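Look over the structure before reading on.

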Amino acid sequence: MKYLEKAKNDVANDVTWTRIGRLTAKGARALPGASVEYVADKFPVIGWLPRYDYRWLVNDLIAGLTLGLMLIPQGLSYAKLAGIPVQYGLMSSWLPSAIYAFMGTSKDLSSGPTSLIGLLTSEIINDLRGQPWTPSEIASAVAMMMGIYGMAIGFLKLGFLLEFISLPILSGFISAVAITIILNQMGSLLGEPNVGDGAARQIHDIFQQLPQANGYTCAIGFTGLFLLTVLDQAGKRWGKKNKIIWFLSITRAFVALLIFAGVGYAVNKNRGDPSNYLFSVAQVKANGQEPPKVPSAALLSQVATRSIAVFIGSAVEHTAIARAFGVRNNYVTDQSQELTYYGVANFFNSFFHAMGIGGAMSRTAVNSACNVKSPLSGLVTTAVVLVSIFKLVGALYWIPKSTLAAIIITAVWPLISPPSVFYRYWKTSLADFVSAMIAFWVSLFVSTEAGIGASVGFNIVYVLLRQVFARVSTSSTTDPRSELQVALDEARNLPPSDTPLPSDIRIFRFNESIFFPNAYRAKTSVLDTLQTHHAPGYQSVFSPEAAERNWSVTGEKRIAKLRRKAGIDDPSALPPVGLVIIDFSKTNHVDATACKHMQSLVREVQMYAGYAVEIRFAGMSGYVRQRFERAGWLVLDGNEEAPEGRDEERNGEAEVMRLYPTVVSALLAPRNLQRGGRSDSGEDSERERAMMRRKGSTVKSATASHREEKV
């Protein structure tokens with residue numbers, strides 16, 4: 001009995017059990033409301049459809065039609081790239097756009113088959129060659145596993161796991177994939193009979209078999225390349241001035257498809273057996289959409305591990321495209337929700353004999369250029385693709401294979417990072433350069449799975465070794481500007497903790513090294529704090545007037561949730577932010593990914609707070625400063641004048657960094673009231689100057705008081 005009482009007392013007084021009970025009770029109370037909110041978050045259409053403006057219909061119709069015309073040739077081309085019958089590319093393209101209309105958080109993003117997914121799927125199909133499954137069945141199984149992985153990460157909100165893939169690794173990986181795709185298409189472009197697998201073998205076979213190339217095939221292929229390139233360059237040069245040229249440029253793949261399908265029909269229709277054709281044609285065969293079918297469990301087990309590389313590459317690409325166009329067009333996307341959509345779309349799409357899908361940069365850029373207003377355009381895209389499946393298959397039969405190869409080559413060529421990108425990694429960080437090179441060369445000459453695995457493994461080992469061989473700095477009071485002296489100076493100058501700062505100042509301190517696993521989270525934490533405790537600034541894209549013109553409610557809902565959690569009942573009383581100070585005094589390492597995210601942070605802070613906001617950096621070590629300089633930033637000391645053409649007051653460039661020795665020096669430096677082209681009236685400007693003088697005197701008096709106390 002004595003031991004039982006003791007056990008009861010231990011449980012009752014145990015901190016861990018007490019905390020578990022408290023959290024369980026709190027979770028049980030919040031569960032009903034949180035469940036409803038969670039389900040609503042999974043269907044963003046509930047939030048934005050009530051505010052849809054009927055005047056947006058024209059833009060959405062045009063964008064949806066344009067994307068549909070792009071998806072027809074790209075779907076066929078990427079199915080060919082994957083090694084499955086080309087009609088399955090169309091069957092992969094209609095459902096994702098319809099699902100995105102209900103689950104997407106980006107108005108611009110276009111999802112469907114991509115070149116990256118096509119290549120990675122073809123590798124799996126080649127690995128399973130000789131097994132009792134058709135290529136289309138294998139592709140559908142890969143799509144289902146991509147969907148399962150995406151739903152697991154999206155529904156559980158584990159999107160941060162993808163941050164372990166650094167930007168240099170992605171650059172090397174995607175560049176290698178693009179080169180591999182081009183090599184894979186050279187046989188079809190030249191009409192060469194037997195081009196093997198693997199980059200080294202393909203390069204050898206292409207040159208060895210040049211004398212056997214089909215002249216008619218080469219003529220069709222290179223003419224297609226020329227036409228696609230001319231239309232692309234014409235659109236870049238004259239597209240803004242001439243709408244016809246612009247439309248021909250963005251639908252150039254569809255134009256090439258129509259022209260060369262007509263050529264293929266005219267030349268080969270009377271030649272009888274396909275073996276007598278002057279050049280190979282796609283031979284699209286389909287009688288509408290085939291009935292749905294679930295991939296077999298045995299096949300799923302075979303592709304489960306092989307599908308991880310496909311998922312990682314395409315999911316990172318998908319979320320990055322969504323984020324980039326959200327920032328470009330002034331709205332907020334939800335990374336976890338995008339992964340949820342990605343998983344759901346791939347899972348259900350796999351029932352329709354489809355290959356995997358994800359976000360596509362080229363189609364997304366065209367969608368944005370069409371001034372699309374909402375994801376509702378996806379329903380139009382779905383309708384266009386379905387019409388092609390049921391009504392246009394006969395005409396698509398005659399498309400030359402070399403034309404599809406030309407479409408693929410011109411689509412993936414921009415994915416190859418130029419040497420200057422890798423040189424920038426070299427200048428910024430040797431470790432980033434090495435990881436990019438491992439991802440590039442191993443993916444190119446071994447396999448994409450090995451490339452991703454080897455480069456990520458290298459990064460993990462590098463991070464662990466940095467922790468094992470941590471450097472310790474030493475100094476003495478005789479060293480000029482030693483760490484000890486800087487610490488003493490800062491201790492003397494810091495205001496006391498009970499002295500409030502002006503309401504428009506916010507200070508952030510990074511307490512750890514900033515590198516690829518935590519760079520995105522660090523950036524998000526800063527933005528969350530600013531949006532929670534400060535109102536949108538002057539000329540902000542988040543101002544109420546801008547919100548009324550914006551289809552998206554994801555950003556507003558996120559900010560409202562953060563403010564409720566912080567107990568802020570009256571958002572109208574929140575002050576704007578005028579000065580943001582980022583303290584790097586505890587940060588001893590940054591990498592190329594961190595430098596890129598800091599660039600994004602500066603731009604997104606300016607978008608929220610308005611371009612009048614000042615962003616200052618403080619306490620940066622010489623090593624960290626050197627990393628930013630090598631990454632392309634122009635680091636200025638304090639109020640040093642920027643060279644002409646790099647003045648952030650005039651053009652808002654994120655690569656200009658104003659650096660101060662300490663947080664206090666950053667606080668006390670004069671404030672600039674006219675930034676980003678702002679033009680104030682004399683009365684308002686003078687009022688702001690007076691307010692800033694009062695704020696400056698508050699900080700200075702607090703500093704003086706503190707100095708006297710410490711001394």
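In which helix does Leu379 lie? Leu379 lies in helix α18 (residues 377-391); helices (H or I, at least four residues) and strands (E, at least two) are DSSP runs, numbered from the N terminus. This is a predicted model, where local features need pLDDT of at least 70 and side-chain atom pairs count only at pLDDT 80 or more, while totals for chains, interfaces and linings use all residues. Residues are numbered from 1 along each chain as its sequence is written, and side-chain values use heavy atoms, with hydrogens and water left out.

**Surface patch**
- Leu379 is partly exposed, at 36% relative accessibility. Buried means under 20% relative accessible area, exposed over 50%, and partly exposed in between (1.4 Å probe, protein chains only).

**Asp60**
- Asp60 sits in helix α4 (residues 57-82).
- Asp60 is buried but has no salt bridge. A salt bridge is a side-chain nitrogen of Lys or Arg within 4 Å of a carboxyl oxygen of Asp or Glu.
- Lys107 is the nearest side chain of opposite charge, 7.8 Å away. Lys and Arg count as positive, Asp and Glu as negative; His and the chain ends are not counted.
- The side chains of Asp60 and Ser374 make a polar contact of 3.0 Å. A polar contact is a pair of N or O atoms within 3.5 Å; within protein, one must be able to donate a hydrogen and the other to accept it, and residues adjacent in sequence count only if both atoms are side-chain atoms.

**Salt bridges**
- The count comes to 17 salt bridges.
- Lys107 pairs with Asp108, the closest N and O atoms being 3.1 Å apart. Asp108 is buried at 0% relative accessibility, and Lys107 is buried at 10%.
- Asp53 and Arg55 meet at 2.7 Å, N to O. Asp53 is buried at 19%, whereas Arg55 is exposed at 58%.
- Glu137 and Lys293 form a salt bridge at 3.0 Å, N to O. Glu137 lies in helix α8 (residues 135-155) and Lys293 in the loop between α13 (252-268) and α14 (297-303), so the pair ties together parts 156 residues apart in sequence.
- Asp504, Glu614, Arg616 and Arg671 are linked in a salt-bridge network.
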